[in-house]
Every structure is written in structure tokens, then in C-alpha cells.
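Hi,

Here is the structure I promised to pass on to you.

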Amino acid sequence: MIEAVADRLEGAPRQLRRRWSDEFKAQVVTEALEPGASVSAIARRIGIHPSQLFAWRRDARAERHYRERHSSCGGEMASLSGAVIEIAIGEVIVRAGVDVDEAQLQRVIRAVRSA
């Protein structure tokens, strides 16, 4: 049987999660993507685990791929941002409040597609 004693739990050191700015991550990822760069050496130098830097690199590549795919394909993409719906149809962006009448929004979308 395992017994937990409150005194032992309270005495454990508490580690806080570090927060890295997007600018810092971008700078480190750019450095890590250079030809011949050692991810492990860069991670060691800035004091993080190499797996963290590999994750940042993976996320940056996925984000770049997503942006390239959706900006160049001319396809349709919708997102909900706050109280505004944004629909991209090719190079046209339609923005409407979330309370817009559905029938009216459909008419606008049809008009944009046919133009």
C-alpha cells in the first residue's frame, strides 16, 4: 500500500513552464533550418531539450505548408474569428458577422463564385 504524506508533497521543488515568444522561436527555428546546423547544439546553447526544438521546426514547416497551400490553390477556406466569419474564395475574401442571415450569405457566395 502506498501512502501519500502531505509534508513530502509540499516540499517538492516547483518548476514553472517557460514561455518563449513567437519571435524568439522563429529566430531559433531559422537558425536550426540552416544547412549543416546541429539542432542538438542549438538546443543545448539556449537551454532547451532538442525534442522541443524539433517540435518548433515541425510546427513552423506545417504552418508554412498550410499557408502556401491555401494562398496559392484558389480553393475555399473558412474560419471563425471572434464575431466575424471570414470566407476566402480564390482571391476574394468575404467577411460577415456571425449573426448574418444564412440565405443572404449564400447569395453573396454564389455571386462571388460566378464573377
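Below are the helix packing, the salt bridges and the hairpin, in that order.

Before the details, please keep in mind that this is a predicted model, in which local features need pLDDT of at least 70 and side-chain atom pairs count only at pLDDT 80 or more, while totals for chains, interfaces and linings use all residues. Residues are numbered from 1 along each chain as its sequence is written, and side-chain values use heavy atoms, with hydrogens and water left out.

Let me start with the helices. Helix α2 covers residues 22-32 and helix α3 residues 39-46; their axes are 9 Å apart and the packing angle is about 145°. Helices here are DSSP runs of H or I with at least four residues, strands are runs of E with at least two, and both are numbered from the N terminus. Axes are lines fitted to C-alpha atoms, for helices over the stretch in contact, with angles from 0 to 180 degrees between N-to-C directions. The two helices, α2 and α3, cross in a right-handed way (the near helix is turned clockwise from the far one by less than a right angle). On the α2 side, F24, V28, E31 and A32 make the contact, and they meet V39, I42, R45 and I46 of α3 (heavy atoms within 4.5 Å).

Two of those residues also pair by charge: E31 and R45 form a salt bridge, with the closest N and O atoms 2.9 Å apart. The cut-off for a salt bridge is a side-chain nitrogen of Lys or Arg within 4 Å of a carboxyl oxygen of Asp or Glu. Because E31 sits in α2 and R45 in α3, this pair ties together parts that are 14 residues apart in sequence. E31 is partly exposed at 30% relative accessibility, whereas R45 is exposed at 54% (buried is under 20% relative accessible area, exposed over 50%, partly exposed in between, with a 1.4 Å probe and protein chains only).

The whole structure has 2 salt bridges. D59 is partly exposed, at 43%, and R58 is exposed, at 54%.

Strands β2 (residues 84-89) and β3 (residues 92-97) run antiparallel and are joined by 6 bridges; strands pair if DSSP finds at least two bridges between them. I89 stands opposite V92 of β3. The hairpin has 2 residues between its strands, and G90 takes a positive phi near 65°.

Best wishes
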